[in-house]
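The following explanation is intended for a reader who meets this structure for the first time. Please keep the sequence and the model in view while reading.

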Amino acid sequence: MRIRRHRRWMAPVVAAAAVGLALTGCTGDAANDDAAEVDCADYEQYGTFDGAEVTAASTIVDIEADRLNESWADFETCTGIDVEYQGSKEFEAQIAVLAEGGNAPDVGFVPQPGLLARLAQGGWLIPASEPVEANVDEWWAEDWKPYGSYEDTLYAAPLMASVKGYVWYSPTEFEEKGYEIPKTLDELKELSDTIAAEGEHKPWCVGLESGDATGWPATDWIEDYMLRMHGPDVYDQWVTHEIPFNDPRVVEAFDAVGEYLKSDDMVNGGIGDVSTQLTEAFGTGGLPILDGECSLHHQASFYETFWNPEGGDEVSVASDGDVFGFLTPPANADDPQAVTGGGEFVVAFREAEEVEAFRAFLSSDTWANIRVSIGGTVSANKGVDPENASSELLVQTIQILQDPETTFRFDGSDLMPGAVGADSFWKGIVAWIGGESTTQVVDAIEASWPAS
Amino acid sequence: MTTADLLGKILQVVMGLAVFAAVVGLLIFFIDKAPKKGRDYWQLALFLLPAMLFVVIGLVYPAIRTSLLAFQNNSGEWTFDNFIWMFTQPAAIRTLINTFIWVALAPIISTAIGLAYAVFIDKSRGEKYYKVILFMPIAISFVGASVIWKFVYEYRSGDREQIGLLNAIVVAFGGEPVQWMQTDPINTILLIVIMIWIQTGFAMVLLSAAIKGVPSEQVEAAQLDGTNAWQRFRNVTVPGIRGSLVVVFTTISIATLKVFDIVRTMTAGNFDTSVVANEMYTQAFRASEVGRGSALALILFVFVLPIIIYNVNVLRKQREIR
C-alpha cells in the first residue's frame, strides 16, 4: 500500500522532470552580444529608439535565417530596435491571409513581385519612405525598381538576389576534350551535339522533380530562351500577358528548349531517358557531372551549395576546380548580356518610424556589404564590393548584376499570376516532357490565365 | 530562446489552465444555483453552449464563407466562373473523373477483400496472427505508406538495375521496365492500390468482429436445413452483419473522397492523377485562386452528402427493426 501511494505521485513528478529536461534542450541560452565593441558611426542616421520592436518574416529558414539575424545584430545594438525574425516555409501561402486578418508581421521579405502586387492591391502595404526610395534609386539598376512597385508607387526595396540560367560544367573535362565555352545559343547546341556524337555519355543531366512544384527548373529554361531569343521587351509583354502564352514566339522558345529536354540523345546523362527528368530531384540533377556521366547542367547560381550534399568542400566550385558555371549565352555573340534572376522585396505592413528605419538600413549598401561578407548569397546593390562575396562564382554573379550593360529580368513565373506561374506553367512542363506537343501545352496554359 | 523565456512560457501555460479551470468552476457553480423552474433547460443550454460555440466558429462559419467564396472571383465580384472552369477545363474535368474512379473502386475492393479475409480466417488456428498481418498497414500514415509504395513503383531506365519491386518483377519475366507513375491510366489504379492496402485491414477487423456477433443458433439452424457454405454466408452471415458492412463501406468511401496525402506524395497531381481534394489545395493555396479552391470544396461536400444520408438511413432502419 505504501509503495503504491509512493508511486502515485512519483509518475507525474518523473514525467514533469523529463519534460522539463527535454524542454531545456530547446533553449539556446544565447547570451546577448556585448555592445561595447560595435562602431555605431554607420548607424547614427537611423536614429535611436527606446524599446521599439520590429517583427519580420519570410521563407528564409535555418542557417540562412541565422545569417540574416547576424547581419542586423549591430543595427539592433546601435539603434535599440529589437528585430524579431521568424522564418517559415509556408510564408508565401500564408502572408495574404495574415494581412487580411490584420496579423501580418511588420516587415516581410516577399520573393515574388506578383505576390507583392497582390498585397499592394489589397491595400495592406505601406509605401516605401523617402530614404528607402532614395536608396533604391542610388544603389539599384533601373530594372529592379518596377518589381518593387505597384501602379507607380514604390512599396519595397530589393534585398538579396540570385542569377538564374547558369550552365554548370566540369572545367577538367572541358580542358581534356578541348571544349570551348559557347558564346551563342547555336554554339551551345553544337557543343551538345558534339558531346552526344562522341557517344561516351549524354550531354545534359536534368532534374525537374520538386514535390508539388515539379517542373519549375524547366520554366527557367523557357524564360532564359524567351529573354535571349526575343529580347526584354517581348519578355515583359509575355509575363504581363500583353502577348498570349501561345504566341508563336513562345512556341519558338519552347521548341528550342525542346531540342534538349525532349530528346533522348541529349538527356538524361547518368540518370536515364527523357521521362526520368520528372522523377529526378532538382537538387541531385546535376551530380552526374561529378561522375563523368554528363557534361552540362542548367540551374541557378544557388546550385553552388548543392555540389556538396553532405556539406564540407570535397567538391571545389571554381573555374579551375571540379565544377563551375557559365551563363547561358546570348542568341548572337554581340547581343548585350541579359540575365534572369530572383530576389526578395522588403515590404512593410505597419507604419512606424522604427519599421522605416529598419527598411532604410536593409536597402543601404552598408547592410548589403555586411550580408554578402557573411557568405552564401549576393545582392544586386551597386554599393557591394564584389570581393566581399564568399566564392569565385558569387563574385562573378555580383559583377554581372552590377554591370550597367546587363539587362536584368525577374524570373517570369514569379511575375505571372499564381494560377499560371505556380500551377499551370509547371503542370504544362510536366505534360510537355511527358510527350504532349508544344502547341497543346501552350494552349492549355493560355486557357488557364485568370481573367481578373 | 533562453531559459527565462522557457520559464515564462511554462508559466503562461499554467496560468492559462488555471484561468480555464476557474471559469468552468464558476460556470458550474452558477448553473447549480439556477432557479428551480425550468432548471433542466437552463443546465442543458449552458452545458451545450461551449460545444455549440466551437461548432459555429469552427464548422458553420467556415462552411458558409467557403460557399460564398466559391461564387466570387479574386477581386470579390460575384460570378459563376469557378464552376464554369471546373466543368470545362480538361484538367479540372479529369480531376472529377479520377475522384469518381477512386470512389468506385477503393471502398468496394477493400470491403470485399476485408470481408473475404475475415470469413476465411474466422475460427482458424492462428487467427490473431493473420489479423495482425492485414491490420498493420492501417497503423502507417498515408504519407508513410506512399513513401513505401514509391519504392515499389520506382523506375530505372534501360539496362540499369531496377530497384522498384514491380519493375524488377517485370524485368525478371523478360519485360521492359515501365514508368508506372507516368503511364495514364494505370497510375491512378496503382495509387488506388495503396488506399486499398491501407483500408482493407480496417474493413477486416470490423467485419470479423461483426461475424463473431452472428448468433451461432442461426448458423446451426441453416446447417440443419442442409445449406452449403456459400448459402450460409449469403443468407445468414451477410444479413447479420449488414449494419457493419454499411458503416465500413461508407467510412472508406468518405476517406477515399477526401484522399489527398497519397496523391500529393506520389505524383503531386501530375500525370493526370489529380483528385478533387488535391486540386482544391493547389488552387486555393498555391495558385492563389481561392474561388476555384472553394468551388472544389463545395463539390466535394456535395459528393459526400449522399453517402452520409445513406449511412444514416440504413442505421435508422436497423434500429427500427430492433
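In this predicted model, helix α4 of chain B, residues 90-121, packs against helix α8 of chain B, residues 186-213. Two packed helices are described by the angle between their axes and the distance between the axes. For α4(B) and α8(B) the angle is about 40 degrees, and the axes lie 6 Å apart. Angles under 35 degrees would count as roughly parallel, and those of 65 to 115 degrees as roughly perpendicular; α4(B) and α8(B) are therefore oblique to each other. The crossing in which α4(B) passes α8(B) is right-handed. What classes of residue make up the contact of α4(B) with α8(B)? There are 17 nonpolar and eight polar residues, and no charged residues.

Helix α8(B) also packs with helix α5 of chain B, which covers residues 127-135. Here the angle is about 145 degrees, and the axes are 8 Å apart. On the side of α5(B), the residues concerned are B:K131, B:L134 and B:F135. Their counterparts in α8(B) are B:T200, B:G201, B:M204, B:V205 and B:S208. By class, the contact of α5(B) with α8(B) consists of four nonpolar residues, three polar residues and one charged residue.

From the packing within chain B, the description turns to the contact between the chains. Chain B contributes 26 residues to this contact, and chain A contributes 29 residues. Which helices of chain B each supply at least two residues of the side that touches chain A? They are α1, residues 3-32, and α13, residues 276-286. Of the elements of chain B, α13(B) gives the most to that side, with three residues. The side of chain B that touches chain A comprises seven nonpolar, 13 polar and six charged residues.

Chain A may now be considered as a whole. Its secondary structure amounts to 16 helices and eleven strands. The C-alpha trace of chain A spans about 80 × 70 × 50 Å along its principal axes. A compact globule of 452 residues would have a radius of gyration near 22 Å, and the 25 Å of chain A agrees with this. Of the 452 residues of chain A, 45% count as buried. Among the contacts in chain A with a separation of 6 or more, 74% are between residues 24 or more positions apart.

Key:
Residues numbered from 1 in each chain as written. Chains lettered and ligands numbered in written order. Predicted model: local features only at pLDDT ≥ 70, side-chain atom pairs only at ≥ 80, totals over all residues. Contact = placed C-beta atoms within 7 Å. Helix = DSSP H or I, 4+ residues; strand = E, 2+ residues; numbered from the N terminus. Nonpolar A, V, L, I, M, F, W, Y, C, P; charged D, E, K, R; others polar. Rg over C-alpha atoms; globule rule 2.2 N^0.38 Å. Buried ≥ 20, exposed ≤ 12 C-beta atoms within 10 Å, placed from the backbone. Axes fitted to C-alpha atoms, helices over the stretch in contact; angles between N-to-C directions. Parallel < 35°, antiparallel > 145°, perpendicular 65-115°, else oblique. Left-handed = near helix turned anticlockwise from the far one by under 90°.
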